Amino acid sequence: MTDDSQADSGLREVPLSALEHYDYCHRQTALIHVEGVWSESAETVRGDLSHTAVDLPGIQRRRGLTVVRSLQVWSHVHGLRGICDVVEFEQGTATPVEYKVGRYLPGGPAELQLAGQALCLIEAGFAVPTGYVYSVAERRRHPVPITAELLDQVVRAAEAVRELIVTGTLPAARNDARCRKCSLREDCLPELTDGRRQAIPDLLTPRPLGQWRD
Amino acid sequence: MTELLNTLYVQTPGTSLHLDGDTVRVFHPDQTGRRLLPLVRIDHFVVFGGVNVTDDLILRCADDGRSISWLTGNGRFRARTVGPTTGNPLLRQAQHRVADSVEQRLQIAVAMVAGKIHNSRQVLLRTARDTSGHRQVALRASAELLAERLGLLGTAASANEVLGVEGIAARDYFAAMPYLLTESKEWKASGRNKRPPTDPLNCLLSFLYGMLRVAVQGALEQVGLDPYIGFLHGVRSGKPSLALDLMEEFRPLLADRLALTLLNRRELTRDDFEALPNGGYRLTDGGRKSVLGAWQQSRQRSWQHVQLGREVPGALLPLVQARLLARHLRGDLVAYQPWMVS
Ligand code: SF4
């Protein structure tokens, strides 16, 4: 998962999936890509279906449209690397489709990931005007225009993530509503690691008998 | 994610474990019927002498990051497979740096021994509360002695000195064992002895410490800490010092208290132990089965965890503490706080 290979340009490569984590929580990105906590749990939960149909590499051709599943993409210029769930190629145009288990969140992290894929596909010489987020829960795709602004956002996020990985920084926990849904919560311990000063208990004063039951 | 930490203990000699799709098939020639257990529900395997695990099951477990530990019938650790090491070189680096820092090492060592002494006192005070007469007097006096040892920790200048205090406190505590055993006439308790254990209590303690060690070392490995680089026990070739460190705070309540309960409630009898010609004792197969059952059950019960502000099942306490330690080593937490029962 955290394969820290270097891109040809000498940049340390950032996995596209990290962009999505970064948007969700900086600390989550660091826990995954710096600390190496987890591995399966969060990933399997998030991409449950990536182990099913979408994850099987495959190519389909029909009427000028080529559909590739599980396609590896990369950007040497920006030091990015990742796998697209599905890309549809039609002449000089590529359309990535990102599969999400949950509902589509406009402006959410999936769009950043999609734009990261777009960046790689553009570097490979395709036009990428639009991508789609396919929500499995809703069973429909939502179009995401790949704007210059979104692409800039990807580049900025990639730089920030690279900085985290290279320096091994561990940002303080957010300790907010997002933590409740975060699969890394048990490792993160947000209530204790949000940077607020922790009281250090007096360890050397004897204590009376506690309430514990047997 | 799966915070269940289900350990499968297999102890009947002659049993073999096979991989069967996504399940493990448990087979014993004398028992009819097949037992199939889904692998997803098992986080660790602990197998005792005479149990065979097929190589495809071992490799599958390694792939999934599920550990297998091999123990002797007495609970002595023999081997373990963990699969590819969990990848957190930065955490290990931090661990090594702290181990090299006199100050930081001292702070953690003090916390660990303080945790142990606190919890040992709780065992003494609880039994004292439920008893009377000379036993109560003796137990309270021992608790008082341990309170003084706590004070000594404050003056220790190195991890080695802390270890010295730990040794003294352990002696005081084990000296009180006869008063912790209500059936002390039947279960002669003569301090702590282990190689070999020369009485049933020590035999039982050794076995339970073996179980605890497996749990603690597994938790350390899961979190990505190096079980061999310790703070209290330092670094010695072949010695899982950090596992021994982290065990300290759990021994009194997760192991000692369970041993005492089993003997005091006569859930184990003389027949569950066999005396050996060399003066040693060991658990019989039936005795081991009873102890494992009790151990598994005790791992289900929850304990209050003050720092987290919630209850944590005994089976997860080592993992929680390993994580707190990792967070301290990585600079997230200013201090390591031991688990202290309250
Ligand atoms: S628990 Fe909260 S702070 Fe920690 S990684 Fe998850 S979202 Fe971020």
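Predicted model: local features only at pLDDT ≥ 70, side-chain atom pairs only at ≥ 80, totals over all residues.
**Exercise 1. The interface**

Task: Describe the contact between chain B and chain A: how many residues take part, and how much area is buried?

Solution. 
Step 1. Count the residues on each side. Chain B brings 45 residues to the contact, and chain A brings 33.
Step 2. Turn to area. The size of an interface is often given as the accessible area lost when the parts come together. For chain B and chain A the buried area is about 3500 Å².
Step 3. Carbon and sulfur atoms give 55% of the area buried between the two chains.

**Exercise 2. Polar links across the interface**

Task: State how many salt bridges and how many polar residue pairs join chain B and chain A. Then find which elements of chain B supply the touching side.

Solution. 
Step 1. Start with charge pairs. There are five salt bridges between chain B and chain A.
Step 2. Look at an example. Glu35(A) and Arg327(B) form a salt bridge through their side chains, with an N to O distance of 2.6 Å. A salt bridge here requires a distance within 4 Å, so this pair qualifies.
Step 3. Count polar contacts. Across the interface, 15 residue pairs are in polar contact, with both residues at pLDDT 80 or more.
Step 4. Assign the chain B side to elements. At least two residues each come from helix 3 (102-129), helix 4 (133-153), helix 9, strand 11 (302-305), strand 12 (310-313) and helix 11 (317-329) of chain B. Helix 3 of chain B has the largest share, ten residues.
Step 5. Sort by class. The side of chain B that touches chain A holds 20 nonpolar, eleven polar and 14 charged residues.

**Exercise 3. The second largest pocket**

Task: Give the volume of the second largest pocket. Which residues are closest to its centre?

Solution. 
Step 1. Take the volume. The second largest pocket has about 1100 Å³.
Step 2. Go to the centre. The lining has 35 residues, and Arg192(B), Lys194(B), Arg195(B), Tyr209(B) and Arg251(B) are the closest to the centre.
Step 3. List the elements. Helix 5 (159-175), helix 7 (200-223), helix 8 (241-248) and helix 9 (251-264) of chain B each give two or more lining residues. Helix 5 of chain B gives the most, seven residues.
Step 4. Sort by class. This pocket lining has 14 nonpolar, nine polar and twelve charged residues.

**Exercise 4. The cavities**

Task: How many cavities of 30 Å³ or more does the whole structure hold?

Solution. 
Step 1. Count. The search finds four cavities of that size.
Step 2. Take the largest cavity. Of its 14 lining residues, Thr7(B), His44(B), Val214(B), Ala215(B) and Arg299(B) are the closest to the centre.
Step 3. Find its main contributor. Helix 7 of chain B has the largest share of this lining, five residues. By class, the lining of the largest cavity has ten nonpolar, three polar and one charged residues.
Step 4. Move to the second largest cavity. Of its 13 lining residues, Cys25(A), Gln28(A), Cys179(A), Cys182(A) and Cys188(A) are the closest to the centre.
Step 5. Helix 2 (26-33), helix 6 (177-181) and helix 7 (185-188) of chain A each give two or more residues. Helix 2 of chain A has the largest share, three residues.
Step 6. Sort by class. The second largest cavity is lined by eight nonpolar, one polar and four charged residues.

How values were computed:
Residues numbered from 1 in each chain as written. Chains lettered and ligands numbered in written order. Heavy atoms only, no water. 1 Å grid on protein atoms, 1.4 Å probe; cavity = no way out; pocket = protein on both sides within 12 Å on 5 of 7 lines; lining within 4 Å. Points joined across faces, edges and corners; volume = space filled by probe spheres on them. Helix = DSSP H or I, 4+ residues; strand = E, 2+ residues; numbered from the N terminus. Nonpolar A, V, L, I, M, F, W, Y, C, P; charged D, E, K, R; others polar. Contact = heavy atoms within 4.5 Å. Buried area = accessible area lost by both parts, 1.4 Å probe. Polar contact = N/O pair within 3.5 Å; in protein donor to acceptor, adjacent residues only side chain to side chain.
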